[in-house]
Amino acid sequence: MTPERNYWAFDLETDLIMPGLLAPPPVCASVSDAKGAKKILADAEILPWVAHELDRSIWIGANIAYDFGVIGAYSPSLVRSIFKAYREGRVFDIQIAQALDAIAKGTLFKDPRTGGGLKDPTTGKSKNRYSLSIVTDLVLGRKDAKANDWARLRYSLFRGVPLAGWTEHARALGCVDPEGVTQYPLDDAGNTMSCALGQRGHENLQEMAAQSYTAWCMHLGSMWGRRTDPVAVANLKTIIEAKHAKAVIDFKASGLLDENGDEDQIVKKRMVATAYGATGICPACVGSGKVISEKSGNPIQCKVCSATGLNIASAPTLKLTDTGGVCADRDALSESGDDLLESYADVSNINKLRNTYLPFLELGTKQPVNVQPNVIVENGRTSYEGLIQLIPRQGGIRECFLPREGWLYCSTDYPALEMTTLAQVCMWIVGWSQLQQAIDAKLDLHSAFAAKLTGKSYDEFYALILAKDKWAKGIRQACKAANFGFPGYMGAARFVASKRAQENLRICISLGQAPKCETCQGVEGIDCKRCYGRGFLCALVKVTEWNNRKTTPTCKHCLELAEDLKKGWFAQWSEMKSYFDFIKKQCASPLGGKLRQFVSNRWRGNLDVMNGANTLFSGLAADLAKYALRLISDEAYTDENSALWETRPLELIHDEVFSEMPEARAHAAAWRQAELCDQALARYCPDVKPKNVEPALMRRWSKDAERVDGPDGKLIPWTPKRKPGEVFMWEPGYTAAA
DNA sequence: CTCGCCGGCGCC
DNA sequence: AAACGGCGCCGGCGAG
């Protein structure tokens with residue numbers, strides 16, 4: 001017989017969140033039952049009450065992972081029961097419920113009443129996140145969820161004061177609405193319960209158990225946090241500041257940078273437009289670069305010429321932005337043929353590191369960085385407020401992150417995860433899959449495609465790859481790009497442009513189809529102005545239109561070869577035509593398509609063919625990675641007999657679970673983490689059997705880390721290869737090369 | 001001053 | 001007909 005359940009909306013008032021402390025001590029709790037009966041619990045009452053109710057109640061909250069995090073921090077013995085509640089699907093989060101419903105309707109982080117962005121009625125801010133205020137507004141039509149909020153950020157002032165004395169205490173502190181001090185928490189609990197009741201008809205609620213549980217696991221990772229190495233960060237800062245200072249010197253005379261290092265975008269765009277051959281006078285601003293605003297009457301930048309004053313239309317190969325302005329991104333600069341602009345192309349990277357990543361790294365030298373997780377975005381993936389999923393792979397940035405003394409980082413990432421989930425999705429939609437067969441045969445998927453394309457057997461081609469044959473590597477690289485890009489319905493134009501911009505990959509050169517550079521006679525890596533050191537010539541002819549659509553100026557030869565590559569890709573994975581037919585059928589409606597995620601049954605609405613083509617396999621990958629995180633976290637926090645006991649799973653990085661674990665037990669723990677990743681995949685991809693996941697242990701974060709077996713067969717931490725005498729950038733005593 | 005938007009760029 | 005997707009954060013600009 002099912003035990004009778006209590007329904008509790010639950011909310012804690014705590015001291016403020018501080019850097020390094022996501023679980024500050026609680027001051028009081030407020031609870032509401034389903035009938036709206038509310039009460040406040042003083043600090044000493046909280047833990048006994050929670051302990052009594054935890055196993056037998058349904059828990060409702062707004063970001064309730066935070067509240068449970070506080071409970072767990074001050075009463076570790078309750079952590080098992082918290083996990084039990086999540087495992088049994090007894091935790092309902094109104095913020096997640098709102099996101100799930102919005103995903104089904106295609107209105108995530110939008111106000112369905114206006115179509116515009118969401119604005120928090122309390123803070124007035126817009127964020128990609130649902131708060132109690134926003135949910136109260138959307139579900140109950142009230143913007144007053146956070147009335148009586150004088151004490152909202154001041155509850156620490158009430159610690160130790162008996163509840164009966166709060167009103168008087170608040171008055172003594174100068175509060176004009178002293179009764180609000182006890183009303184505010186009651187409102188929070190009451191509003192939370194009312195929202196939950198109002199959400200009963202919402203879509204996708206079958207996902208609540210999995211998503212709220214995942215949010216809890218992610219929150220635990222964030223509570224543990226990430227530390228950075230003060231030495232490594234200081235070294236990095238020295239290097240970046242030196243590069244920046246040099247850039248200021250190099251580019252001051254041209255006006256690209258001022259003495260503070262701030263960029264003059266107008267100068268930059270004018271130089272770019274000129275380099276691409278723009279001449280004459282802009283017809284809109286008559287060369288001044290300024291026009292009068294219709295709205296304010298003030299002189300503003302001319303949009304037609306991006307304030308350059310030049311006639312943009314006179315430069316047919318000039319790359320433009322989405323809104324028709326002069327594009328001055330790294331790709332445009334490095335292709336401009338202008339020495340100064342080409343050398344300036346690196347500055348954007350320096351500034352990104354200096355202005356975005358360095359401040360983030362510096363936070364972690366003082367206390368753990370706690371990024372706030374967002375458990376679900378449109379395609380089912382996660383995000384974090386904070387840069388932890390976006391740390392550059394190169395440049396010694398990741399190496400600034402360190403586990404605690406006596407701990408190691410452990411990474412388990414799924415090889416070619418989205419290829420695997422795509423194969424599974426095709427098994428379900430089409431009924432068969434060449435991709436699935438190649439994965440089951442444990443083939444290298446890019447080599448498999450490349451072999452077919454070149455008329456060789458797989459073994460023959462793969463042998464060339466193992467022998468590091470340059471020709472074969474080029475073909476495989478193009479095929480890899482195809483395998484990653486085309487499943488999302490990518491076209492030739494975007495394919496060529498994105499590979500060029502992101503990976504500096506020229507399709508025509510990679511496929512061995514480009515003519516040799518006559519200036520350097522095909523010698524690669526030298527400072528040849530004709531071919532940019534590539535040895536071969538790309539973009540001898542550029543076109544600005546492809547398949548009757550305008551496109552950024554692109555090498556015609558690359559486009560033709562990309563079309564061939566796409567044809568070959570359809571031939572290689574012959575289920576893809578049927579797969580796209582299905583997506584087109586489901587998502588062709590101008591009103592927007594709606595697809596249901598396999599396994600989780602999560603609906604996603606308002607789809608066009610492109611996001612429709614992506615969402616099933618990327619969502620399946622996200623769902624299975626989340627399941628892996630839950631399996632790992634459960635053992636780590638609740639099972640003393642597991643090798644994973646006391647491991648701290650820190651983050652999901654889409655196809656990777658990243659954790660910190662005690663070094664003494666790391667061998668067994670890492671393999672257990674990998675094993676649970678395999679289990680998760682098997683549940684979500686029952687018809688595909690890819691290679692097993694392998695763990696990598698590290699003393700310092702690195703993209704290059706991989707499994708290393710010690711002499712006794714036990715895992716040991718991966719370390720980067722060191723040349724004789726080399727001191728790494730993140731080590732004491734590092735000096736930058738001249 | 002703050003806010004939203006754009007261009008740009010980091011990740012998977 | 002053809003069209004990759006999903007994020008967060010920065011500086012600069014325009015408007016109120």
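Reader: How do helix H14 and helix H22 cross, and at what angle?

Author: Two packed helices are described by the angle between their axes and the distance between the axes. In this predicted model, the axes of H14 (residues 417-429) and H22 (residues 576-587) come within 10 Å of each other and cross at roughly 75°. Because of that angle, H14 is roughly perpendicular to H22.

Reader: Which residues of H14 and H22 meet there?

Author: From H14 come Leu 422, Val 425, Cys 426 and Ile 429, and these meet Met 576, Tyr 579 and Phe 582 of H22. Sorted by class, the residues of this contact are 7 nonpolar, no polar and no charged.

Reader: Now for a sheet: in what order do the strands S19, S20, S14 and S21 stand?

Author: Strands of a sheet pair through backbone hydrogen bonds, either parallel or antiparallel. Here 4 strands form an open sheet in the order S19-S20-S14-S21, and the pairing is antiparallel. Strand S19 (648-652) and strand S21 (695-698) stand at the edges with a single partner strand each, so one side of each has no neighbour in the sheet. On average, and with direction ignored, neighbouring strands of this sheet are turned by 25° against each other.

Reader: Over how many bridges do S14 and S21 pair?

Author: Strand S14 (residues 407-413) pairs with S21 over 4 bridges in the antiparallel sense, and Thr 412 stands opposite Pro 695 in S21.

Reader: Turning to the DNA, which residues are closest to DNA strand C?

Author: DNA strand C is surrounded by 36 residues, of which the closest are Ser 293, Tyr 489, Met 490, Gly 491 and Arg 494. By class, this surface has 10 nonpolar, 15 polar and 11 charged residues, and its largest share, 4 residues, comes from H23.

Reader: What part of DNA strand C, sugar or phosphate or else bases, lies within 4 Å of the protein?

Author: Of the atoms of DNA strand C within 4 Å of the protein, 79% belong to sugar or phosphate, while the rest belong to bases. A polar side-chain atom of Ser 293, for example, lies 2.6 Å from a phosphate oxygen of DNA strand C, and a polar backbone atom of Gln 301 is 2.7 Å from a phosphate oxygen. With Arg 381, a polar side-chain atom lies 3.2 Å from a base nitrogen of DNA strand C.

Methods: Residues numbered from 1 in each chain as written. Chains lettered and ligands numbered in written order. Predicted model: local features only at pLDDT ≥ 70, side-chain atom pairs only at ≥ 80, totals over all residues. Heavy atoms only, no water. Near = heavy atom within 4 Å. Polar contact = N/O pair within 3.5 Å; in protein donor to acceptor, adjacent residues only side chain to side chain. Helix = DSSP H or I, 4+ residues; strand = E, 2+ residues; numbered from the N terminus. Nonpolar A, V, L, I, M, F, W, Y, C, P; charged D, E, K, R; others polar. Pairing = 2+ DSSP bridges. Axes fitted to C-alpha atoms, helices over the stretch in contact; angles between N-to-C directions. Parallel < 35°, antiparallel > 145°, perpendicular 65-115°, else oblique. Contact = heavy atoms within 4.5 Å.
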